[in-house]
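Please look through the structure shown below with this short briefing beside it.

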Amino acid sequence: MTAQIAPAAETDIAQWLEEQTDKSLLRFLTCGSVDDGKSTLIGRLLYDSQLILDDQLASLQSDSRNRNVGEEGIDFSLLVDGLVAEREQGITIDVAYRFFSTDKRKFIVADTPGHEQYTRNMATGASNADVALLLIDARKGILTQTRRHSFILSLLGVKHVVLVVNKIDLVDYDRETFAAIDQGFRAFSADLGFESIVSIPVSALRGDNIVTRSERTPWFEGQPLLGYLETLEVGQQAQDRPFRFPVQWVNRPNLDFRGFSGTVASGTVKLGDDVLVASSRKPARVDRIVTMDGDRAEALAGEAVTLVLDREVDISRGDVLAQPGRVPDYSNQFQAQLVWMADEPAYPGRSYLLKLGSQLVPATLTDLKHRTNVNTLERSAAKNLALNEVGTVTLATDKPIAFDAYGENETMGGFILIDRINNLTLGAGTISFGLRRAQNLSYQQFDVNREVRARLKGQTPQIVWFTGLSGSGKSTVANLVEKRLTAEGRHAYILDGDNVRHGLNKDLGFTDAARVENIRRVAEVARLMADAGLIVLVSFISPFMNERRIAREIAGDIDFIEAYVNTPLDVCEARDPKGFYARARAGDIKNFTGISSPFEAPEQADIILEGATESPEAMAEVLYRKMVER
Amino acid sequence: MTSKRQALTHLERLESQSIEIFREVAASFERPVMMYSIGKDSSVLLHLARKAFFPSKIPFPLLHIDTTWKFREMIAFRDRMAEEYGFELRVHTNQEGVANNINPFDHGSSRYTDIMKTAALRQALSAGQYDAAIGGARRDEEKSRAKERIFSHRNAAHAWDPKNQRPELWRVFNTRINPGESMRVFPLSNWTELDIWTYIHAEQIPIVPLYFAAKRPVVERSGTLIMIDDDRYRLEDGERPREEMVRFRTLGCYPLTGAIRSNAASLAEIIMEMQASTTSEREGRLIDSDQAGSMEKKKQEGYF
């Protein structure tokens with residue numbers, strides 16, 4: 001491992017510079033509880049990558065006297081613990097950013113505090129991180145703070161977690177201790193939606209498994225920490241999502257030029273593209289993509305440009321330009337997860353300023369549905385949200401705003417709440433979904449309604465939402481139930497992958513975003529069918545709790561039964577009716593649920609069918625009785 | 001630009017994020033100002049500001065705090081840039097300091113800096129009633145800067161309270177302030193020194209010639225090479241300036257700015273030299289090493 005390699009001669013400089021600019025960037029944060037050694041770890045990463053400069057090293061050695069030092073006689077935490085107050089107290093009280101690069105990658109590190117009252121800073125660091133390093137003291141194992149931080153990481157959509165089991169030297173490099181912590185964390189975080197979890201035993205003070213694999217942990221077969229960070233693939237998700245362009249500033253140098261300056265939040269925009277204004281739904285075409293370096297043919301996600309449109313449309317700061325057909329929600333009510341960051345608690349009924357992208361509007365906290373205990377993930381009723389608490393809330397803005405769910409678009413779904421008097425940032429929220437009743441579209445009120453249509457059919461519309469692994473038996477059970485209902489003269493319909501993936505949703509792939517959109521559309525179709533009076537059986541893997549929650553929400557007041565076909569992975573894999581598991585194991589199918597993509601088992605299914613022990617007929621019978629009894 | 005690009009490069013990303021910050025300032029504040037220190041970071045800042053608002057001109061003035069001890073080449077460069085790019089340049093000097101003949105020799109670097117830079121800055125910001133001041137500080141420069149927000153709140157006395165910073169999530173910036181308060185804004189927060197140089201190289205941004213090695217008259221004071229820019233410098237007995245090939249990694253007041261011996265006369269050579277070097281950038285500035293935590297103290301008092 002060497003640090004940045006200097007070019008050998010001036011003739012190489014062009015190529016060398018190109019390599020520098022073409023490097024990818026990884027942003028990671030370190031979190032964990034006090035004294036787990038976060039700052040020491042970062043200092044160690046910098047030191048071992050030979051990135052500490054001579055004058056820094058000299059000042060470090062002089063500062064390290066009278067402190068706990070490693071074999072090199074250096075207290076590495078001094079490199080990152082910047083503020084004088086912190087150095088005196090020996091704790092980190094704010095987010096510090098560090099920059100380093102190796103010959104493979106550039107890194108921005110956010111060092112975030114573990115002290116309980118500073119959890120808000122961790123959320124800050126997490127909001128811009130691709131990966132989180134979660135430190136655990138090997139002697140102490142998983143603590144309350146570890147759980148809280150894991151939950152906040154999950155809330156802010158951090159997909160990759162490295163469990164850094166630090167101070168492994170102090171437990172004599174014990175393999176069992178490491179394994180127990182690893183397993184405990186995986187069990188705890190199963191529902192948190194992390195795409196990857198990797199555990200590494202390290203001693204930040206002594207340098208074990210930081211840059212090179214340590215001989216003192218011969219039982220550890222994974223990559224050392226730096227190697228992992230250098231090679232981790234993080235997706236370019238924003239690029240593949242629908243086009244969003246929040247207008248930041250209207251550019252009018254003279255009467256002949258009117259451009260809209262902003263940064264492409266997601267997707268791409270090309271010359272001649274049709275766009276819609278999210279608020280007015282007025283269409284326009286992109287005439288020019290202006291930059292000081294000349295006009296562009298296209299702009300990518302993350303690029304700051306100025307768009308000129310082909311016609312006069314009323315657009316100002318806060319407006320969002322979007323791709324026709326895939327426009328964001330435009331509404332004044334939504335449900336969100338809220339992290340409270342202020343001493344003064346949040347109360348339902350209070351009014352705040354809400355900032356989302358370049359939109360700034362007054363907003364009222366209309367309902368606090370529940371508080372989530374960040375240590376146990378249990379939900380409970382609450383009258384307010386105090387500092388560092390997390391809750392599920394609904395908010396109503398004074399005028400409609402354009403937004404997407406945070407899971408689909410972080411820029412369009414992440415917001416802050418600001419105090420209207422002292423202007424402090426009070427909390428940060430992630431939008432879960434818009435509330436239907438608020439949508440500024442006028443739904444036609446028909447005299448012929450669901451009740452009338454259902455009565456005509458002599459049945460109560462229902463949506464049965466199956467969830468379970470591929471091969472668990474969902475479709476088999478759904479077929480049996482449909483046959484029975486049809487035999488009884490009732491009108492049922494099965495929505496499954498075969499009739500939806502090949503038609504309505506054939507434009508969708510299997511990324512997480514596409515899966516969520518897939519489920520959203522299916523849920524909408526199911527609702528329409530139920531509205532038409534049908535009994536709808538939806539048979540999709542639907543692995544994510546979130547999407548099932550969305551489906552239930554979309555169903556609104558329609559009877560909704562979540563049926564979990566609980567067939568263990570090994571049984572499904574042994575059946576493998578379509579040969580998918582074999583191909584997924586071979587790496588031919590990516591993002592395959594259970595193999596390379598998580599399945600989040602329901603916590604509150606309305607009915608659980610034991611696919612390993614019961615026959616399809618028996619399961620169909622149980623489900624049928626449940627449907628009738630409702 | 002070709003249409004084959006799949007993702008932005010590191011520098012394109014940094015550039016876009018900085019531009020976004022500039023636009024946020026222009027859209028959210030009544031009376032913004034951009035600090036212009038004439039150094040290489042200021043050159044990058046100026047370039048980004050021009051890009052952010054193109055084809056409009058930069059919609060706010062640039063402010064230079066002139067201590068009267070800047071290198072002469074810096075002042076010439078400043079005036080040339082203002083003329084070439086047509087931005088509004090405002091220059092402020094602490095006249096009280098001038099009247100009292102405050103200088104780095106009689107008053108020490110700490111007191112001199114306090115009066116001619118920090119106090120001068122406070123005067124200028126108050127007089128201009130600026131509600132946002134854009135600066136070129138980077139988080140990689142110094143430990144206390146590593147914790148600064150991109151939008152960093154200042155109370156009515158221009159002071160920074162590091163324990164009461166607003167959380168800054170995603171790229172959603174809380175730009176709200178009350179009357180009398182102000183915001184310091186740092187569009188280069190996430191740039192490193194290497195990023196600055198590679199960007200200057202890639203975009204061919206003009207910088208003060210002092211960054212390039214040339215024969216210059218210097219004296220050596222306790223290991224630091226000082227360029228004798230005019231006859232106000234007080235030489236000690238027997239001390240005589242000698243011509244050496246030197247350049248500067250950072251620019252400020254000439255009696256307080258150390259040069260390095262170097263033959264790097266082009267950007268490529270500077271970058272090569274920098275990659276081989278093992279000392280960090282601010283070492284050439286004498287003011288930081290006066291006392292431990294000195295930068296943080298200055299910042300709390302209003303220094304950039």
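Two strands are said to pair if DSSP finds at least two bridges between them, where strands (E, at least two residues) and helices (H or I, at least four residues) are DSSP runs, numbered from the N terminus. This is a predicted model, in which local features need pLDDT of at least 70 and side-chain atom pairs count only at pLDDT 80 or more, while totals for chains, interfaces and linings use all residues. Residues are numbered from 1 along each chain as its sequence is written, chains are lettered from A and ligands numbered from 1 in the order in which they are written, and side-chain values use heavy atoms, with hydrogens and water left out.

**Strands of chain B**

- In chain B, the four strands β7-β8-β10-β9 form a closed barrel with antiparallel pairing.
- Neighbouring strands of this sheet are turned against each other by 75° on average, direction ignored, with axes taken as lines fitted to C-alpha atoms (for helices over the stretch in contact) and angles between N-to-C directions running from 0 to 180 degrees.
- Strand β9 (residues 242–247) and strand β10 (residues 258–261) of chain B run antiparallel and are joined by two bridges, and Arg247(B) stands opposite Ile260(B) in β10(B).

**Strand β15 of chain A**

- Of the twelve residues of strand β15 (residues 329–340) of chain A, ten are buried, so the strand is largely enclosed by the rest of the structure; buried means under 20% relative accessible area, exposed over 50%, and partly exposed in between (1.4 Å probe, protein chains only).
- β15(A) pairs in the antiparallel sense with strand β19 (residues 390–403) of chain A over ten bridges, and Gln335(A) stands opposite Thr394(A) in β19(A).
- β15(A) is also joined by seven bridges to strand β21 (residues 425–434) of chain A, and these two run antiparallel; the bridge partner of Trp340(A) in β21(A) is Gly427(A).

**Aromatic rings**

- Over all chains, a search of the whole structure finds 29 aromatic pairs, and rings of Phe, Tyr and Trp (its six-membered ring) pair if their centres lie within 6.5 Å, with planes under 30 degrees apart counted as stacked, over 60 as edge-to-face and the rest as tilted.
- The ring centres of Tyr36(B) and Phe87(B) are 5.8 Å apart and the planes stand at 70°, so this pair is edge-to-face.
- Both Tyr36(B) and Phe87(B) are buried.

**Charges over rings**

- The charged end of Arg484(A) sits over the ring of Tyr624(A), 3.8 Å from its centre, which requires NZ of Lys or CZ of Arg within 6 Å of the ring centre and within 35 degrees of the ring normal.
- Arg147(A) lies over the face of Phe188(A), at 5.2 Å from the ring centre.
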